[in-house]
Amino acid sequence: MLVRILFALALISPLATIQVVAAEEYPELSFTYAHIVPSNHTLAKFDRRWTELVTKRSGGKIKFKMFWAGSMGGPTEIPDLVSSGALDFGSTALGYLPSEFPLAGVVGNMQRTFATPSDAHEASMDIFDLPAVDEELKKHNLLILNTTTANPYNLTCTKPITNLEEMKGTRVRANGKYPPIFFNSLGMSPQTMSFAEMYEGLEKGLIDCSWMSHDLAISSKLYEVAKYAIDLNLGAVPATQLLTNRTKFEKLPKNVQTLMKEAAHDSSVEEAKYLKEVFDRTINVDMPENNMTYVHFEDVGEFKKIEPDMPKIWADDTTEAGMPEPAKEIYKILEDARSKLVN
């Protein structure tokens, strides 16, 4: 009798039945997860979606205790907290730590390299899968499950910038090793400043421009202190990496590991679709609503003549630092991606 009932239910809704059975196979688990931005920030949207998918597909058995906006550790602290096991998961930008992650951290430091968020995501995950990069992560007891991406980065400024001459001397927030090289080559003045300090920096005149996508600038409310959005495409960016403690993750049941990896993939597919939609909406709706001026950069031809090849600069540095083989492998991935943008 029970078999006939289950068979009838399967005919009515086979997917629902499969999900119920599968959910019963997952253990009750609770994880800690820290993120560098607030829960309502665009950069958090699809990391939050990942947790929702994992919880839903496990039938509510796998849950996350979230710590937002750096409340459990700043951008440079989260990797150590995850590595040590103080946190189970964490999202930050490894590009903030070029000394500790010279290979994995490259993805967030390459201006004018990725044409689209999908290109940025695909290239990043290919880089993270390379044996040399995996070995670097293993030394820190870390795994990367995913990377969030952002629409092409631009400049959000307190003044209009339409040409190279107007760029000269302009102070722009640019952290790490390679973004300052890029902006220096344009005659700009890079300033080191945390993500959380950008708003105040623009408000107080400590910087003239921020470097981020237009929709991230809206999400960060920079329109309140910087009214000019410059349309110069500086390339899509793999913004933050979803890190997990390698030892803990590899001890999880295989179906839990698979569930988390599949949820990461699916959340990224959703993210790519969302970013396409939000790009136009930001320019056509959000900017006018917030009294922002969309400024056309007229000097694109001259810009292309002087822009540096950031993947080559990075590869040359990394080769000189004694890592010629991984430099060559990563450079190939980066240059293949860059060709879609600059050609």
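Start with confidence. The model is predicted. Its mean pLDDT is 92. Of its residues, 93% reach 70 or more. There is one stretch to flag. Over residues 1-23, pLDDT stays under 50. For that stretch the model has 6 contacts beyond four places in sequence. Where pLDDT is low, the predicted coordinates should not be read in detail. So I leave that stretch there.

Now the inside. In soluble globular proteins, nonpolar side chains tend to be buried together. Here, the largest nonpolar core has 72 residues. Which residues have the most contacts inside it? They are Val133, Leu155, Met167, Phe183, Trp314 and Ile330. Helix 5, residues 117-128, gives this core its largest share, 5 residues. There is also a second, separate core. That one has 19 residues, including Val54, Ile62, Val256 and Leu259.

Take Val133 as an example. Set aside its neighbours within four places in sequence. Val133 is then in contact with Leu103, Ala104, Ile127, Phe128 and Ile330. Ile330 is itself on the list of residues with the most contacts inside the largest core.

Next, the largest pocket. Its volume is about 400 Å³. It is lined by 19 residues. Closest to the centre are Pro38, His41, Phe195, Ala196 and Ser220. By class, the lining has 11 nonpolar, 7 polar and 1 charged residues.

On to the cavities. How many of 30 Å³ or more turn up in the whole structure? The search finds 3.

The largest cavity holds about 280 Å³ of space. Its lining counts 22 residues, and the closest to its centre are Ala93, Tyr96, Tyr153, Arg173 and Ala239. Strand 8 (209-213) and strand 10 (237-245) each supply at least two lining residues. Strand 10 gives the largest share, 4 residues. The classes here are 15 nonpolar, 6 polar and 1 charged.

The second largest cavity has a volume of about 70 Å³. Among the residues that line it are Thr42, Lys45, Thr148, Asp215, Glu271 and Tyr274. Four elements each supply at least two residues of that lining: helix 3 (45-57), strand 4 (142-150), helix 10 (214-219) and helix 12 (254-289). This lining divides into 6 nonpolar, 3 polar and 3 charged residues.

To recap: a largest nonpolar core of 72 residues, a largest pocket of about 400 Å³, and 3 cavities of 30 Å³ or more.

Conventions: Residues numbered from 1 in each chain as written. Predicted model: local features only at pLDDT ≥ 70, side-chain atom pairs only at ≥ 80, totals over all residues. Heavy atoms only, no water. Core = buried A, V, L, I, M, F, W, Y, C linked by side-chain atoms within 4.5 Å. Buried < 20%, exposed > 50% of the residue type's maximum accessible area, 1.4 Å probe, protein only. Contact = heavy atoms within 4.5 Å. 1 Å grid on protein atoms, 1.4 Å probe; cavity = no way out; pocket = protein on both sides within 12 Å on 5 of 7 lines; lining within 4 Å. Points joined across faces, edges and corners; volume = space filled by probe spheres on them. Nonpolar A, V, L, I, M, F, W, Y, C, P; charged D, E, K, R; others polar. pLDDT = per-residue confidence, 0-100.
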